[in-house]
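Reader: I am new to this structure and should be grateful for a close look at one part of it, the contact between the chains. Please also say how that part sits within the whole.

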Amino acid sequence: MGQKFSRKSREKTEERRENGIKNILASNKGSLFTKKPFTRFITKKVFFLLLALFFSLTLVFIIPYLTPLNPLDIIMSRLAARPGMTTTQIETIYERYNVLFGLDKPLVVQYYLFWKRVLTLDFGVSIALYPNKVMSLVLYAVPWTLSLIIPVWVLSFILGNYLGSRAAFSKNKIVHTFYTISVCLNASPYYWFGLILVYLFAVNLRWFPSSGAYDPFLKVSLNPKFLLSVAYHYVLPFFSLLITSIGNWCTGMRAMTIYEKQSDYVFYSRQLGFTENRLRSYAQRNALLPQITGLPIILSSLIGQTLIVEYVFGWPGLGTLSYHAIAAIDYPMIQALFLITVGLVLIGNLSVDIIYGFIDPRIRTGYIGG
Amino acid sequence: MSGRVELLLKNKKLQVYLGIAIIIIMLGLVGPFFTRDPSKILVGGIYESPSSEFLLGTDMAGRDIFAQLCNAIRDSLMVGIIAGFSAVGIAIIIGGVLAYKGGIIDEGANVITNVFLTLPQLVILMVVASLLGKRSLIIVAILIGLFSWPWMARSIRSQLLSLKERKFVDLCRISGKSDFVIVVKEILPNMLAYIFLLLIIGISSAVIVESGISVLGLGPTEGFTLGKMLNLVIRHEAVQQGIWWYFIPPGLVLVVFTGSLLMITAVIDDVLNPKTREI
């Protein structure tokens with residue numbers, strides 16, 4: 001399974017690569033849009049992300065038409081079943097949805113209205129949590145989700161890569177045990193790991209609360225008492241995500257570091273008598289670069305994981321909100337949640353690309369197409 | 001090839017992991033024939049702890065948890081296998097056949113792959129599954145397969161592009177075979193071991209993804225899967241009541257099964273890849 005290039009094919013690839021570079025350089029001189037290679041790189045990325053956004057939103061628009069369920073009928077039957085709703089109230093809501101969705105108009109108009117909703121961020125009133133506005137509910141949930149996902153994303157990257165490069169270099173039993181455990185936990189279901197943590201630390205030892213994000217008797221504000229309560233509730237969901245995500249990075253980093261370890265500069269430095277730690281720090285730096293390209297992919301899988309862990313812990317973020325929205329088939333809310341979640345992932349993607357451009361000079365100068 | 005298989009089977013680590021995986025698979029295949037009906041309520045008391053009659057105790061409705069577990073293993077495995085195969089199939093077509101065609105077709109396939117790669121798979125699955133009223137096992141499996149091929153397609157493509165330059169491919173092209181035949185019959189057998197690895201990883205990640213959406217109550221509407229058991233645990237707050245025999249088994253099976261599959265792929269990789277082989 002190794003990379004067994006024949007010499008000829010390698011020469012060919014080399015040749016192609018050189019031609020590619022020449023082409024890129026030539027196009028850089030000529031084209032109107034390419035003032036700077038880096039701008040061009042980012043423009044290309046933005047185009048990709050917008051395409052992804054367009055595609056996925058269109059998918060979300062189309063799916064309900066493929067199922068026999070009519071979302072508005074479901075919504076109305078739910079509302080009618082709710083106690084204390086008068087007929088006039090239901091009728092006004094029905095009217096409002098008809099204007100918003102345009103269900104009696106042709107499909108093209110409905111599609112136009114869909115994009116109008118997306119672009120104006122007006123998804124009307126929630127069904128699941130009537131009479132709150134969908135957008136205000138979603139925007140309230142966003143910071144809660146971000147507070148989990150961003151630290152986990154960054155910290156797991158740092159810890160995982162450190163562990164991976166250590167595992168490649170040292171023969172230390174402890175390091176290898178940690179490595180194996182992390183890799184196994186990464187394959188293990190994070191939601192179950194969360195349940196185990198609840199069982200151990202919330203039910204048996206009673207160190208931490210088992211669900212929620214703050215003491216329900218406190219008001220949501222930024223005073224220290226509230227923040228302390230949030231931090232107290234934060235521990236279990238945070239660690240159940242972090243510990244299971246470290247393994248995302250170890251395996252790749254170990255493989256990359258082993259690869260670097262066999263290269264000439266490490267060999268030479270070893271002959272010069274550098275310590276193993278010094279060698280590791282050199283190899284690590286080179287092995288780290290391809291790992292950064294993995295960040296966006298991990299982000300998009302991490303966001304799904306976060307949503308589920310939020311539900312397990314009753315954390316008031318997008319995950320718990322999606323659960324309520326899905327249980328009530330709250331169609332506008334599902335759309336809004338989807339838009340925001342995908343939007344967050346795409347913004348994360350773009351920021352990684354920009355950072356990558358700063359770290360790797362080859363991208364900045366346009367030697368790699370990305 | 002046979003030499004490589006022999007080398008693999010002699011590996012002690014592989015024997016252990018393979019044994020564990022086979023035990024769990026057998027539990028799912030044979031178990032349901034010998035256990036009680038998993039959805040029959042009040043065969044025992046409520047939250048009865050494990051005993052010789054109920055190997056893993058009973059749940060909040062007095063159902064036999066061991067019976068649930070065996071059926072759940074079978075259904076989760078089914079989902080995993082169908083999803084894994086369909087994902088690898090799509091990946092071979094998009095990352096293999098279309099990439100082989102080259103030019104604008106390859107570019108287009110690459111764009112599609114990249115677009116799918118940036119989308120959060122689990123979130124899309126959640127939304128799509130929530131919009132389907134009734135979900136059968138097969139529909140859930142195919143949905144998972146539909147959204148988990150992109151990274152496979154990408155890695156198949158990169159392997160294929162290096163194999164494409166070989167002389168035997170030129171020979172096939174001269175002999176007038178169609179592109180599809182060249183890719184499937186001539187090029188793919190050269191990376192069979194790699195595709196086998198992808199399939200194992202695909203199956204184990206599909207099992208995890210299925211239980212993920214089942215935890216939110218979006219898995220198959222009928223029957224039990226490992227995730228659905230955890231969903232029941234969370235909904236009825238069994239953990240808070242300390243019912244360890246309900247939430248430990250399904251998760252443990254998930255961990256051990258996917259973990260052993262993962263270790264199998266790691267061992268295969270170590271043994272077959274000359275760069276990482278350590279003797």
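Author: Two residues are in contact if their C-beta atoms, placed from the backbone, lie within 7 Å. Residues are numbered from 1 along each chain as its sequence is written, while chains are lettered from A and ligands numbered from 1 in the order in which they are written.

Where the chains meet, chain A contributes 50 residues and chain B contributes 48. On the side of chain A that touches chain B, the elements that give two or more residues are α1 (7–30), α2 (37–66), α7 (173–187), α8 (190–204), α13 (295–313), α14 (318–327) and α15 (331–359) of chain A. Such helices (H or I, at least four residues), like strands (E, at least two), are DSSP runs numbered from the N terminus. The largest share of this side of chain A comes from α13(A), with 10 residues. Sorted by class, the side of chain A that touches chain B holds 35 nonpolar residues, 14 polar residues and one charged residue. Here Ala, Val, Leu, Ile, Met, Phe, Trp, Tyr, Cys and Pro count as nonpolar, Asp, Glu, Lys and Arg as charged, and the others, Gly among them, as polar.

Q121(B) lies in helix α5 (residues 121–131) of chain B. Beyond four places in sequence, Q121(B) is in contact with S300(A), S301(A) and G304(A) of chain A, and with F147(B) and S148(B) of chain B. S148(B) is 27 residues from Q121(B) in sequence, and their C-alpha atoms are 7.1 Å apart in space. Q121(B) counts as buried because 23 other C-beta atoms lie within 10 Å; a residue is buried at 20 or more such atoms within 10 Å of its own C-beta, exposed at 12 or fewer, and partly exposed in between, with C-beta atoms placed from the backbone.

The surroundings may be taken next. A nonpolar core is a set of buried Ala, Val, Leu, Ile, Met, Phe, Trp, Tyr and Cys residues joined through C-beta atoms within 7 Å. The largest such core has 153 residues, of which L125(B), M126(B), I144(B) and V233(B) touch the most other members. Helix α3 (residues 65–101) of chain B gives the most to this core, with 20 residues. Apart from neighbours within four places in sequence, I144(B) is in contact with V79(B), A83(B), L125(B), A206(B), V209(B) and E210(B).

Chain A as a whole has 16 helices and zero strands, and 34% of its 370 residues count as buried. Of its contacts with a separation of 6 or more, 71% join residues 24 or more positions apart. Buried in α12(A) are R280(A), A283(A), Q284(A), A287(A) and Q291(A), and their cover includes α6 (134–169), α10 (247–261) and α11 (264–271) of chain A.

Another residue of chain A, F61(A), belongs to helix α2 of chain A. F61(A) is partly exposed because 17 other C-beta atoms lie within 10 Å. Not counting residues up to four places away in sequence, F61(A) touches Y111(A) and F114(A).

The predictor gives the complex an ipTM of 0.80 and a pTM of 0.80. Chain A averages a pLDDT of 79, with 81% of its residues scoring at least 70, and chain B has a mean of 83, with 96% of its residues reaching 70 or more. Within chain A, confidence is lowest in α1(A), at a mean of 60, and highest in α6(A), at 89. Over residues 30–34 of chain A pLDDT stays under 50, and the model has four contacts beyond four places in sequence for them. Where pLDDT is low, the predicted coordinates should not be read in detail.

Conventions. Predicted model: local features only at pLDDT ≥ 70, side-chain atom pairs only at ≥ 80, totals over all residues. pLDDT = per-residue confidence, 0-100.
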